[in-house]
Amino acid sequence: MTAAVRPTVLTSPDDLRARLRGRRVAFVPTMGYLHDGHATLIRAARAAAGPDGLVAVSVFVNPLQFGPTEDLSRYPRDLDRDLQVAAQAGADVLFHPDVATMYPQGYSTSVTVTGVSDGLDGAARPGHFTGVATVVLKLLNLVQPDVALFGEKDWQQLAVVRRMVRDLNVPVNIQGVPTVRAASGLALSSRNTYLTAEQQDRATILSRALCAVQAAYATGERRPAELKAAGHAVLTQEPELTLEYLTVVGGDMQTPEIMDNDPMNRVLVAARLFGVRLIDNMPLGEPE
């Protein structure tokens, strides 16, 4: 088997633009410590770029989206691992800027997307989505891709990015890619590394709760309170779990009085287990 060619690592915006200029580009922004979920995004980008296009991946741990009590210093980093995963999945370029490049001295501009960022993670992590929207817009301006791919596991983040791109007329196609899960059902996440194998097994209670909500919806239940109750009944089985939210939303990230049959309907959950904050979601109508 031919060894995968490692992507070119670039740290300068000028070098990045020179490398990508004139080519069709599919882009995957990440915070690094790449896993199989990221590899799925990169493979989807490879398909979106086409045989003559380029796949660009960014690795940048964005300090603006971490709150003062959050785990910026603990966030896992391993560029060699990232290069291996990116190479195997088909990336051509890995953009790895430092903080001073992205936020030079005197930086004072931010992007706030209201509405879809309100509530849920927006309430639990004040300022988080402003940090996300700001760095994503900067990266889109630097890379100028034809298509950018984001995982559906961060569903509210995806909604924020889509709204920002629409509102600011950014000429890029935003493509969501379904959540990648371990065989146990646990959604893949870089933060899973903070959990032991036994704790990760117990964390599957989140996906099981989401499946219970899906099952209730499949029987015809459309009342949000009853749908959420189906999920809560599962979550109460784990004594170490501290629930932040479990809710059902439509495409506008709001909860209607009665859920309709909109294919954008989603059930979302966020909770802390063994000191680690985990999120997950699933479509209501069609099980993953």
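Is Gln157 buried or exposed? Gln157 is buried, at a relative accessible area of 18%; buried means under 20%, exposed over 50%, and partly exposed in between, with a 1.4 Å probe and protein chains only.

Before I go on, this is a predicted model, where local features need pLDDT of at least 70, side-chain atom pairs count only at pLDDT 80 or more, and totals for chains, interfaces and linings use all residues. Residues are numbered from 1 along each chain as its sequence is written, and side-chain values use heavy atoms, with hydrogens and water left out.

First, the annotated site. An unreviewed UniProt entry places the feature "binding site" at Gln65 and Gln157. They span 93 residues in sequence, but no two of their C-alpha atoms are more than 11.2 Å apart, so they gather at one spot. UniProt positions follow the numbering used here, feature names are shortened, and annotations may be inferred rather than shown by experiment.

Gln157 sits in helix α7, residues 155-167. Helices here are DSSP runs of H or I with at least four residues, strands are runs of E with at least two, and both are numbered from the N terminus. Leaving aside residues up to four places away in sequence, Gln157 touches Phe129, Val132 and Phe150; contact means heavy atoms within 4.5 Å.

Gln65 is in the loop between β3 (54-59) and α3 (79-89). Gln65 is buried too, at 10%. Among the residues Gln65 touches, beyond four places away in sequence, are Met31, Arg125, His128 and Val132. The Gln65 side chain also makes a polar contact with the side chain of Asn62, at 2.8 Å. A polar contact is a pair of N or O atoms within 3.5 Å; within protein, one must be able to donate a hydrogen and the other to accept it, and residues adjacent in sequence count only if both atoms are side-chain atoms.

Now the charged pairs. The structure holds 13 salt bridges, each a side-chain nitrogen of Lys or Arg within 4 Å of a carboxyl oxygen of Asp or Glu.

One of them joins Arg266 and Glu152, at 3.2 Å from N to O. Arg266 is in strand β8 (residues 266-273) and Glu152 in the loop between β5 (147-151) and α7, 114 residues apart. Both Arg266 and Glu152 are buried.

Another joins Glu244 and Arg277, with the closest N and O atoms 2.8 Å apart. Glu244 lies in strand β7 (residues 241-249) and Arg277 in strand β9 (residues 276-283), so the pair ties together parts 33 residues apart in sequence. Glu244 is partly exposed at 32%, while Arg277 is buried at 12%. Asp121, Glu244, Arg272 and Arg277 are linked in a network of salt bridges.
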